[in-house]
Amino acid sequence: MGIRSLAVSRSRLQDLGLFGPKGRLNPHCLLSSWPCGAVSWGGGGGAEDMVVLRAGLCPGLTEEMIQLLRANGIRTVVDFVSSDLEEVAQKCSLSYKALVAVRRVLLAQFSAFPTNGADLYEELKSSTAILPTGSPSLDQLLDSGLYTGEVTELMGAPGSGKTQVCLGIAASVSLGLKQHVLFLDSTGGFTASRLYQILRARAEDGEEQLEALQRIQVVRVFNIYEMLSALQELRDRLSQQVVSSMGPLKIVVIDSVSAVIYPLLGGKHSEGLAIMMQLARELKTLAKEFSLAVVVTNQVTRESSTGPLKPALGRSWSFVPSTRVLLESKEATWEKATTQRVASLAKSSRQPTGIQVELDIGNGDVQELSPATLTQGL
Amino acid sequence: MQREVGSLPLAPALRAKLVAAGFQTAQELLETGPCGLSKELGISKEEALEALQVVRQECPGDVARTAGGSGITRKCTALELLEEEQAQGSIITFCSALDSILGGGVQLTKITEICGAPGVGKTQLCMQLAVDVQIPECFGGVAGEAVFIDTEGSFMVDRVVDIATACVQHCQLIAEAHQEEDHLKALETFSLESILSHIYYFRCRDYIELLAQVYLLPDFLSEHSKVRLVVVDGIAFPFRHDFEDLSLRTRLLNGLAQQLIIIAHDHKSAVVLTNQMTTRIGQNQSTLVPALVSWLPRCAASSCHSKCRRY
């Protein structure tokens, strides 16, 4: 997380007309003004910049003004704000002062607010939580757990244990932290009886197990639009702070993301890519705005039949998760069934990549049969 | 209601026009109305109306949402799911070893894949399941009907007749041993003719027919709501030969898999697929693995790769 410290004085901001409605700087919107990685995402609902000009959008913007502006090719807020007001005043025969006033109000309404790096750090310290995954070796790999405000990805071949790890995470957050979990299942792989088994192995009390089960909400989404719809519903619910059966939500698990996107990628149309980035943006905004930890699972592919494994969904998706863990099974063959898995860190902003730990996905318990091996990456 | 225009299931050309015109959220679309929309985008009023209907469906008004009834997403708590799963039956295979590794039988709402070398008995097992799904509930079955999609042409009706006759005899023996009312009543309707008439057989000769059949299946299943088993015998066969574009094949298979998952879940039926085996030539030896390995992830929950032996 690159913390840039900007000391911007309040009076300067007032001159620019960049003050929020409550008179406070909004730190979340910092993210929209600094491109991070290859995906720059808007900091929530305030940064819509392609809004069509409409009467009543702000005081001073009348219907006749809009007609005159439209006649000269200015249709959206961006067009208005980026045009030369003197020219516009001349061409549309409108008063220059009125135009400047309207622009100031529009900027205040629609632009993002920069913030001070130190303030940002304080905010993050108070709002970020680290959620345990239920398996100490995996926690060690992830630098003590799943961070809220970030997207973590688990990738692996079929049968490598991704769904099992997700179930373990859901059980641990629900049982240990008593927080609510939202589980979006797109493969039909969520088995409640397996989750119950894991809970039984971790907690003795039947009451606790039932309560933990009630805190995990499962939504089955089998195509990309249903998934987007479910995420949108979650966003509405969280922003309206409706206190319903959904209590304090801290984590969203999506198993799996590649199942709904794979059928759309490839071919001649770039539709699939566009909608994949929609999903990416939705996940990132959810994570950052509402301080949620988002866990997604992904498949792996190979270049050729003997090449190394690489994550599916391509380069564009690789910028979305901040942490990537690869799961592999250890010497599993048809004859010998095993619950041993090896998790290695493929991408992380906090730890050196290449670290490997051993995982037992058996009964969600934490027995490691050999000490974790630490192999330094390049 | 701040649903982005890009995330709505509209036609790509329409979506491009909307974005070019400056619309960002669904709310703006609904506020503009069909006449304004058709004027702004230069499309006909009918198209605008259709688009708005799609938008309205995707984003129900706030009233509907706060009332808690949102039929689009299938959601429940894990506890409710657990109760559902425990109450669900499974389709027995009449082979106790197989039933025990499957956890009671072929699970409903899940996809099960059976792979094996040629001649090992995959189609026989599928035919057995198509009969077993019809066993009445008092005998421990799920009392459902079966859909059999055949791509290889290996379905033998005379063999099904043998299996069905044996099954009816088995149930008759149980009824005689227990002498209960409902057993005898159930036996009246459980006969060879009824078994055969409740197996719906489809023959698909190539991958296009297979895809079409699977995509049309939900309509068929909503008319025949008692179907509890869908068998696709030979899922890999139509895709293995005559396919130049491999990425297209992967995409089609993934789409097919999602469709089968939806069918399994929405209609509470078990989906059973049979797959061929292929040889993976390694460095020292060659191993038999299921064909179309990239297909494997789709058989999410219970994918049972049974290496059957001949009896």
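**Ground rules.** I worked from a predicted model in which local features need pLDDT of at least 70 and side-chain atom pairs count only at pLDDT 80 or more, while totals for chains, interfaces and linings use all residues. Residues are numbered from 1 along each chain as its sequence is written, chains are lettered from A and ligands numbered from 1 in the order in which they are written, and side-chain values use heavy atoms, with hydrogens and water left out.

**Sheet across two chains.** I looked up an open sheet of nine strands with mixed pairing, in the order β12(A)-β11(A)-β10(A)-β3(A)-β7(A)-β6(A)-β4(A)-β5(A)-β1(B). Strands here are DSSP runs of E with at least two residues, helices are runs of H or I with at least four, and both are numbered from the N terminus; two strands pair if DSSP finds at least two bridges between them. I noted β12 (356-360) of chain A and β1 (74-77) of chain B as the edge strands, each pairing on one side only. The twist averages 20° from one strand to the next, with axes being lines fitted to C-alpha atoms, for helices over the stretch in contact, and angles running from 0 to 180 degrees between N-to-C directions.

Within this sheet, β3 (residues 151-156) and β10 (residues 323-329) of chain A pair in the parallel sense over five bridges, and A:Leu154 stands opposite A:Val325 in β10(A). Helix α14 (residues 271-290) of chain A lies across β3, β6 and β7 of chain A, running at about 150° to β7(A), where contact means heavy atoms within 4.5 Å.

**Strand β8 of chain B.** Is this strand, residues 270-275 of chain B, enclosed or open? Six of its six residues are buried, so β8(B) is largely enclosed by the rest of the structure; buried means under 20% relative accessible area, exposed over 50% and partly exposed in between, with a 1.4 Å probe and protein chains only. In a regular strand the side chains alternate between the two faces of the sheet. I found B:Ala270, B:Val272 and B:Thr274 buried on one side and B:Val271, B:Leu273 and B:Asn275 buried on the other.

Strand β4 (residues 111-115) of chain B pairs with β8(B) in the parallel sense over five bridges, with B:Glu113 opposite B:Leu273. Strand β7 (residues 227-233) of chain B also pairs with β8(B) in the parallel sense, over four bridges, and B:Val230 stands opposite B:Val271.

**Rings.** I counted seven aromatic pairs over all chains, taking rings of Phe, Tyr and Trp (its six-membered ring) with centres within 6.5 Å, and calling planes under 30 degrees apart stacked, over 60 edge-to-face and the rest tilted. B:Tyr200 and B:Phe220 form an edge-to-face pair, 5.4 Å centre to centre with 75° between the planes. B:Tyr200 lies in strand β6 (residues 199-203) and B:Phe220 in helix α11 (residues 207-223) of chain B, so the pair ties together parts that are 20 residues apart in sequence. B:Tyr200 is buried at 18% relative accessibility, and B:Phe220 is buried with a relative accessible area of 18%. I also noted one aromatic cluster formed by B:Phe148, B:Phe155 and B:Tyr201.

**Cysteines.** How many disulfides does the structure hold over all chains? I found zero, a disulfide being a pair of cysteine sulfur atoms within 2.5 Å. B:Cys95 is partly exposed at 21% relative accessible area, whereas B:Cys115 is buried at 2%.
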